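Please consult the sequence and the model while following the answers.

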Amino acid sequence: MLYQHTCRSFCILALLLVSSSIVTACEGECIVGITNAFVGNYSDPVARAMQDIATELDTTVLDPARNDKKAAIMYLQPLWDQYREDAHDKMQTAVFKNYFHGKCQDPKTNIDPPGCPNPDCPVVCGTPGSMVHFYSTLRYIAFNCTARLLESYITSNSPAYQKVESTILADSKQERRRGFRFRRDICQRIDGCEPEDLERRSEKSQIRALFMRFFALLAKKCGGQDGKLNGLPYCSWEVDMKHYILSFP
Ligand SMILES: *[C@@H]1O[C@H](CO)[C@@H](O)[C@H](O)[C@H]1NC(C)=O
Ligand SMILES: *[C@@H]1O[C@H](CO)[C@@H](O)[C@H](O)[C@H]1NC(C)=O
């Protein structure tokens, strides 16, 4: 009897805990699913922004007579691989750990505001209802996270970017000319300057500047104009996403 009673209370308690965690927060499958959905949806605009950089590299930096006629986009492969490796973690952190987390309840009254935790909760908290209510914020977080992640590889001079840079330099127009066109005159006025260094440095900064356009290029793919994001109409996926988000209990 005592045993049964204990079991029953325990089971009810366990059930309550399980059901409350299902109802009140986006966890487990919900977090993974929504993260994957944004990363997956972004792979197309990210790839197209990278293609724009590749096209620009092809016309301004790469030697048209490079040996194997490698497609310009191939030079970006290490960055793409690194992005694919990091994107999920970064997205999950940006969306859930840094923003949509915690309870929706008023901490003073312990009462859930109307619409909370679901389906449309006007409090920032870790539930599908909150993500739906603050969808414009969610949309911006996903965009910013994606754009800044790529940028961070350039600004930190990451191994992936160094690899990209060195293969581009090896096949650049400058590399071809290097044999006969040293800027000795400028260089002689700088202590310790080797003519190659100066050209290399300006070439590196030209390439870097091209890659640093990624944020602006991605913004444009997403429907931004004149430096404004305009609600990112092509990277919103609002109807599908809200529907998907609310498919989690
Ligand atoms: C974006 O993700 C949602 C949820 O997974 C999906 O329904 C939709 O088809 C995706 N849209 C695109 C353009 O990939
Ligand atoms: C954009 O993303 C960067 C890098 O993840 C982050 O440091 C920054 O706070 C974000 N900006 C906004 C306005 O959320």
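Q: To which residue does a disulfide join Cys-104?
A: This is a predicted model, in which local features need pLDDT of at least 70 and side-chain atom pairs count only at pLDDT 80 or more, while totals for chains, interfaces and linings use all residues; side-chain values use heavy atoms, without hydrogens and water. Residues are numbered from 1 along each chain as its sequence is written, with chains lettered from A and ligands numbered from 1 in the order in which they are written. A disulfide is counted when a pair of cysteine sulfur atoms lies within 2.5 Å. At an S to S distance of 2.2 Å, the partner of Cys-104 is Cys-125.

Q: Why is the disulfide of Cys-104 and Cys-125 right-handed?
A: A disulfide is a covalent bond between the sulfur atoms of two cysteines. The disulfide of Cys-104 and Cys-125 is right-handed because the torsion about its S-S bond is about 80 degrees.

Q: How many disulfides does the count come to?
A: The rule is the sulfur distance cut-off of 2.5 Å. By this rule, the number of disulfides is four.

Q: Which element gives the most to the shell around ligand 1?
A: A residue is near a molecule if one of its heavy atoms lies within 4 Å of it, and around ligand 1 these residues are Ala-37, Asn-41, Trp-237, Asp-240, Met-241 and Tyr-244. Helices are DSSP runs of H or I with at least four residues, numbered from the N terminus; helix H2 (29-60) and helix H11 (238-245) are the elements that give two or more residues to this shell. With three residues, the element that gives the most is H11.

Q: How far is an oxygen atom of ligand 2 from an N or O atom in the side chain of Asn-144?
A: The residues around ligand 2 are Tyr-140, Asn-144 and Arg-148. A polar contact here is a pair of N or O atoms within 3.5 Å. For the oxygen atom of ligand 2 and the side chain of Asn-144, the distance is 2.3 Å.

Q: In which helix is confidence lowest?
A: Confidence is given as pLDDT, the predictor's score for each residue from 0 to 100. The chain averages 87, and 84% of the residues score at least 70. Helix H3 (residues 77-97) has the highest mean, 98, whereas the lowest, 45, belongs to helix H1 (residues 2-24).

How values were computed:
A polar contact is a pair of N or O atoms within 3.5 Å; within protein, one must be able to donate a hydrogen and the other to accept it, and residues adjacent in sequence count only if both atoms are side-chain atoms.
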